[in-house]
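Entries are in the order I looked things up.

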Amino acid sequence: MVDYNAFREEVRDFAMTRCPPNIRAVVATYRKLSRKVWYPWQKILFEHGWGAPGWPREYGGTGWDLKQRHIFDEVMAECDCPPQYHHGLRHLGPVIIEYGSEEQKQRFLPRILSGEDWWCQGYSEPNAGSDLASLRTAARREGGDYIVEGQKTWTSHAQEADWMYTLVRTSKEAKKQQGISLLLIPLNSPGITIRPIRTIDGWHHVNEVFLDNVRVPVANRVGEEGQGWTYGKFLLERERLGGANVAPAMKHLERTRALLAQELAAPRHAMKRSLLEERLLMAEAELRGAQALGQEAVAATMEDRSLGLLPSVLKLSTSVTSQHVGEIALDAVGERLAPRFRPTDAAGANAEAPGIEWVQNYMYGRVRTIYGGSSEVQKNVIAKQLFGI
Amino acid sequence: MPFTAKPIIGGDAFDQACRIGLDADAELAGIADAAEQAACLRRYWDAIAELGWITTAIAEDAGGAGGDLSDLAALAGGAGRGGLPLPVVASCAVLPHLLAEHAEVLTALAEGRFRIALIPAEAARDDEADALHLDGGRLTGAAVGIETPPDPTHALVVLGDALLLVAADAPGVALTRYQRIDGKPAADWRFTGAAASVIARGDAVLRRAAEARDIGALLTCVESVSAAGALIEQTIEYLLNRVQFGVPLATHQALRHRVAEMYVEYENLRGLVTHALRSAASGGPVVWRDIAFAKLRLGEAGRFIAQSTIQCHGGMGMTEGLQAIRLARRIMMAEFEYGDRSVQARRLLDDAARRAA
């Protein structure tokens, strides 16, 4: 039997003593996380044997049970440690472990674990967003290679990644979920162009990736040709518990409470402060509700019970409440900071006014109800189950 | 198979309370005359007293069943789902807690000889000049909109650090009786130098009164979550069967999404209330905070679910004819019991300020 309280303390102690203050400061002040910040932290975790909490021991994972992993994620958030960069560790890694060849496991897993390789996800396309199976980027066989032609979009971190795991269409079938394959493509391949997308928050995180006759060895295909959708779904199934970790949102709320005290300390702000504190309290009640559901979800998974609609409920609840919290922070600083969003005399997209991250974070937060299955998609899922039709 | 709500605490007590609630609700719906309704409520009250509901959480050595919070939650949940318009939480949980050290009154309550209304320290009044005060054992002042069992025999009044018992038929006590918007019996109590016996005084009264109020708030949440689950079921049922423009309303995305939103609010509230119940059962130092958050959330989520139920039923939502709508009124009323949102928010904000300082 695992002593979860002792485990929590061990993780907390590690986080507070080993995560460099400059890295924690980036998280605490909402500055944009990048490979430069993530990599040293991943290296520290890796060297401690905690590089991949979710992987089996034989591949360098920790062998922790689900509750331990949940505690690890919670404590990381509570201590302002960056959430681990997920594309390799949480997304691709498990797919390779489950479906990859021996050669692929040897080649890719250790470099994901150590943080040497940086991955990004080539899923969405201009005409395949929520309806991902409509993707059209095509790969045709030519000898021992695929030739890939098409365009991906919303590709986070492509600007700093080495590889992109990519869903491509290898044949046209009656059902659009069929005929899709999963390819691993080096981003320095000839024919790849990466173009930043200017997002409303002023941060650079997503890109368009153009693939113009890109040659990819067949050995870089994961699993069977035409089975890519299955692997993609496997990945999403594993992510269903992601919403159970409400700790980052709770941390966001606490930081916002501190912001109100600091920003609105002057007597002339008394009314504003009390209004915002009350809104924040309502958000806290909602988040505590989500937190209780998250614990139910973890317990259900540990006991092998079905999660039912919990993942959708958690996603909806937490995303909307996080947005409320972001909005409260914006309302606290907006009058002072929102006008200073972007300097006109600088070439860079990032604004420099201290505290501008509150404004950026509010804008960024709008994506929470869009990505990972938009609120409207989640409501469709819930309604279908509730109505039975 | 459409949605079916699961009780927070199920079992025989839940089922019995739910059945009796549905029977009472159906019978009352068929009675137009107020006096006949009052007589009907009295019959149901005597029946649940006879069944021993009030003794549920009274200690065995005091003649009770020695049950715990989860037994009370089963009763409250069943009564909530069935829409039983009687003061179940007050009589089975809050009063026994307040009277735990007063065997004589407690026994009379448990046996159904005393039908006691609780007048809490923060009871509403129409006029500030009506504030209750005690002068030489005589109580003067008024409290309005007090949830009251049928044909009350006594009022138990929390006044400062004193716990008072006043007989309803004593000289200087005037009662105006009502039915609340959720069908529960209620009364305005006016005291003019009425004889009051002080049954306890001191810090213990303050402590017990605060605990009793939190127990009341928590079980009111359980009752309302249960009612909210029934509301979602009945709204879905209505939308599946009601045909307009040649199609069931359940095919319209706007309505489906509204029901999905009701469900998300319901789940969120259920999670919070379940957590608070567990926390109260294990008795940690921040139990009151978990309960306050749950009650605060009830104000938001409960209101949304009740209003959405009315909206989704269209014109029918404006009638008293449907059980769903009567339950919606019950949830709306729950907001004002044992501390509304403003009370809970004040406690929580004060606490946050204290901890920050």
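This is a predicted model: local features need pLDDT of at least 70, side-chain atom pairs count only at pLDDT 80 or more; totals for chains, interfaces and linings use all residues.

**Entry 1: chain B, domains**

I began with two domains of chain B: the C-alpha centres of domain 2 and domain 3 lie 28 Å apart. The bounds come from an automatic or database domain assignment, and for chain B they give domain 1 (12-110), domain 2 (116-201) and domain 3 (205-356).

Residues are numbered from 1 along each chain as its sequence is written, while chains are lettered from A and ligands numbered from 1 in the order in which they are written.

Next I looked up the contact between those domains of chain B. I found 12 residues of domain 2 of chain B in contact with eight residues of domain 3 of chain B (in contact means that the C-beta atoms, placed from the backbone, lie within 7 Å). On the domain 2 side, β5 (162-167) and β8 (197-201) of chain B are the elements that give two or more residues. I sorted that side of domain 2 of chain B by class and got seven nonpolar, one polar and four charged residues. For the classes, Ala, Val, Leu, Ile, Met, Phe, Trp, Tyr, Cys and Pro count as nonpolar, Asp, Glu, Lys and Arg as charged, and the others, Gly among them, as polar.

**Entry 2: each chain as a whole**

I looked up 10 helices and 10 strands for chain B. Helices (H or I, at least four residues) and strands (E, at least two) are DSSP runs, numbered from the N terminus. The radius of gyration of chain B is 20 Å, close to the 21 Å that the globule rule gives for 357 residues, so chain B is as compact as a globular protein of that length. That radius is taken over C-alpha atoms, and the rule is 2.2 Å times the number of residues to the power 0.38. The C-alpha trace of chain B spans about 70 × 55 × 45 Å along its principal axes.

Chain A has 12 helices and eight strands. Its radius of gyration is 22 Å, close to the globule rule's 21 Å for 389 residues, so chain A too is as compact as a globular protein of that length. I noted a span of about 75 × 60 × 50 Å for the C-alpha trace of chain A along its principal axes. The domain assignment of chain A gives domain 1 (4-84), domain 2 (119-229) and domain 3 (240-387).

**Entry 3: where the chains meet**

Which element of chain A gives the largest share of the side that touches chain B? I first got the totals: 23 residues of chain A are in contact with 27 residues of chain B. α9 (270-302), α10 and α12 (375-387) of chain A each supply at least two residues of that side of chain A. The largest share, 12 residues, comes from α9(A). By class, the side of chain A that touches chain B has 14 nonpolar, three polar and six charged residues.

Then I followed α9(A) across to chain B. The axes of α9(A) and helix α8 (residues 287-312) of chain B come within 9 Å and cross at roughly 105°. Axes are lines fitted to C-alpha atoms, for helices over the stretch in contact, and angles run from 0 to 180 degrees between N-to-C directions. α9(A) and α8(B) are therefore roughly perpendicular to each other.

**Entry 4: helix pairs inside chain A**

I checked α9(A) against helix α8 (residues 247-263) of chain A, and they pack at about 165° with their axes 10 Å apart. That makes α8(A) roughly antiparallel to α9(A).

Last, I looked at helix α10 (residues 310-337) and helix α11 (residues 356-365) of chain A, which pack at an angle of about 140° with axes 8 Å apart. α10(A) and α11(A) are therefore oblique to each other. Their contact includes Gly326(A) and Leu330(A) of α10(A) and Trp358(A) and Tyr362(A) of α11(A).

Key
Angles under 35 degrees count as roughly parallel, over 145 as roughly antiparallel, 65 to 115 as roughly perpendicular and the rest as oblique. Two residues are in contact if their C-beta atoms, placed from the backbone, lie within 7 Å.
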